[in-house]
Amino acid sequence: MLLLGCIKEVSDYELAISLPNGLSGFVPVTQVSDAYSKLLTKQVAQGELLEELNSLPDMFSPGTLVRCIVTSIEKRDNGSRSVKLSIDPKKVNKGLNSAALTAGMLLSGSVLSVEDHGYLIDIGVTGTHAFLPHQKAKNYIKAAKKGPALKIGQNLNCLIVEVKNEGRVVCLSIDRSEVAASIATERQSWALTNLLPGLVVKARVQKVDPLGLKVTFLSYFTGIVDFMHMDPEKSMSYSPDQVVKACVLSVHPTSRAVRLTLRSPFLHPGGAPRQLPSQRMGAVLEEATVKTFYKQFGAVFELDDGTLAFAQLKHLSKTRKSFKPGAFKEGCKHKCRIIDYSLMDEMCIVSLRHQIIEARFLQYQDIHVGDVVQGKVLSLKPIGMQVKVADGIRGLVPSLHLSDVILKQPEKKYNIGDEVKCRVLECNPEGKKLILTLKKSLVQSKLPVLSNYEDAKPGLITHGFVVCAREFGCIVKFYNDVKGLVPKNELGSEPISCPEKVFYEGQVLKVMVLKCEPQQERLLLSFRLSSKSGPEDKWKCTPKEKQEVKYQIGEIVDVKIMKKKGNGLEVSILGDENNVVAWIPTLHLSDFVATSKLLWHLLQEGDVLPGVMYLSDKGEHILLSRKSAVISAVQEEQVVRTFSEIQPGMVLTGYVRNVLPFGVFVEFPFGVTGLAPKVSMSDKFVTDTKDHFVVGQTVTAKVMSIDEEKQRVLLNLKVSECSSGDSAAESFALLNQYFKELKEIRSLLRRGERSICELVPGKRVHLVVQDVRQDGSALFSGSSVTGLTVTATRYHLGDKNIAPGEKRKAFVLHVDALTSEAYVSLREELLKQRP
């Protein structure tokens, strides 16, 4: 089937073509012309770029009319059809022969070669040589602005000026004024076998119908003008025997059906249809008025700016059953969204479907770098995962970005059809290129998105991923292919001799911008994130105060809380005439992380804390600790004061100073630090170090090895390796300390007269049902649980059917004093147990 089409988009590998009646098709790069295909083959064989081979964007422009022939119709996975086309003159003009060629004919041609006096043109007719003189091409070249000369493979709308030697030689013109003035006539002896789309003819109206017109042209041809191709301004005024100017749109060889258009841009060969302003694409219109409804096709609407739009039948309602024809009488108004624009019909394509009106993305232009998008897995290939983001929008998750860690067998984690949450790394709407990541660290990151060098201001902290680790440092990449260097001295707080052994490709890390030169696209980064805490976060001594401090590390003092701040307590040391002020970080209030947070929550300004240990005065402020295990280690001399005292095999008590993806840095009293690599952190397999340790956590570490030259200590934090002998006694001492601190917390709770201090696990209480949630859990209230949120999960309701207002006896399972929540059970097997 032959069709007239209009180029919609041009990429390096294909042309997207707008076809009549809202259809579209694609011309692959191999279907442009014979000469162009030969150049492509030659370039592939030689493996180097050919000077005479131009890219498709160099030769074709959106908005240009081209003659096409359908080569195949393929069915896609989603059930839709893909129309493959060719603009090769050998296929488009296959119905022509030398004898049929006459002066005044208009047909497609393609540049075959450049000669001294003009161009040899391939018009697809065997035995005919077509020549285009320079004189007949110069005006076209000047107007096209595609360079000083025509290019091999370039498609042209050619007018035959002269025919010689019985059609063996023809002389052509592509001058726009000559082409535009040409009209097909009976003298050119057109037949149905060689009739070409794009020909402008004089037609006589034979029959007028609501769906269109039936016309005759070139004496004995008949054709149809459908409702979308009548002139909108004259659609109601056509009458039989009226003579109109028309352009052939399509020719179907088997059914012998010819379709034409009466729209004005097509009535001069070489014309260009009107385009839709880019800001209108995707626009939601509150009121579009029904102009005409066609029960087999769809409806034509008049939009707010007076232009016409068409909605296919399937876009008028969600399903066929929910479709109501009565809602589409002339004058009815509907909310719709512009989803496309048909160049060949000069009409917006709209949809009334709610899910399309509410859709976040309709085209690649709607997606921005850094957007978090929901997608569906289409396929898994060695290069990565193909994801469907929306209809017509697909993205690629490279294999490096399938997870925070490299997946050797991604098919075990992902299945076709799975819903996945991705983040956009790169988006190029022109090339329809969308690169996504599934790395949780990037998808869930709350830090700024760095997508251009101009935004990389010194001090900015964001997430990036390692693309290269070498002896000089790491190359880290961000969004939109922005990348920078982390030099070796900025890889961590401790020297790292072999970065390639510590960091891996694809690893997500927090980085800080040190320096940026946007013009040179140079970015200097650091993994050492400087603390942003100001005076309001930690108390700083004046030099005078610092000189007067005479405490030794390990000394025990009593303190009074002066001020509570977000990450600790500002305290004054009692019995000191200088009123020295010090700082207790929240995580140094206890050996237990949860207890530390609870103590901070319950302690008040003015409270006295006895038995706090002087830890250090580094960083221009005095640091105190209340960690019982650390205090015991210092008092029992199970510590090292200098690096020279450390010996392999020692078991030391310290606290986590930093948690990095490759391991944990542990600090001990007197300032000695060591690194526990990822493999030595836990008896369990470690995927993410942050799942095992937090900064400030008390730990027992065993010295594995020391490097005196580099002053490095390697540690082992595996529980199985860190026992000093009597593990039962150690465990009992820790447990005893935990209960001792719980007792202290209970006394602090009583001070606030809170019922929570009377509520302990195992206690039986009488409660009233407040609410039963959708998930099956229940909320309770009662005099014994005033001020608490009391919950029982569906499992702990047992087989009891409860309703709001009922009184029930419950068994206390757990009490969270920090969040004021209690969890209870109504199960008989628990309630029957002896108290």
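Strand β44 (residues 807–816) runs antiparallel to strand β45 (residues 821–825), with 5 bridges between them. Two strands count as paired if DSSP finds at least two bridges between them. Helices (H or I, at least four residues) and strands (E, at least two) are DSSP runs, numbered from the N terminus. Within this pair, F811 lies opposite S825 of β45.

The model is predicted: local features need pLDDT of at least 70, side-chain atom pairs count only at pLDDT 80 or more, and totals for chains, interfaces and linings use all residues. Residues are numbered from 1 along each chain as its sequence is written, and side-chain values use heavy atoms, with hydrogens and water left out.

Both β44 and β45 belong to a barrel that 5 strands close in the order β41-β42-β43-β45-β44, with mixed pairing.

| Pair | Sense | Bridges | Facing residues |
|---|---|---|---|
| β8 and β10 (residues 169–173) | parallel | 3 bridges | A130 and V170 |

A hairpin is formed by β7 and β8, with 6 residues between them; in its turn, G124 has a positive phi of about 75°. In a regular strand, side chains alternate between the two faces of the sheet.

Residue L742 is located in helix α12 (residues 727–751). L742 is classed as partly exposed because its relative accessibility is 31%; this class lies between buried (under 20% relative accessible area) and exposed (over 50%), with a 1.4 Å probe and protein chains only.
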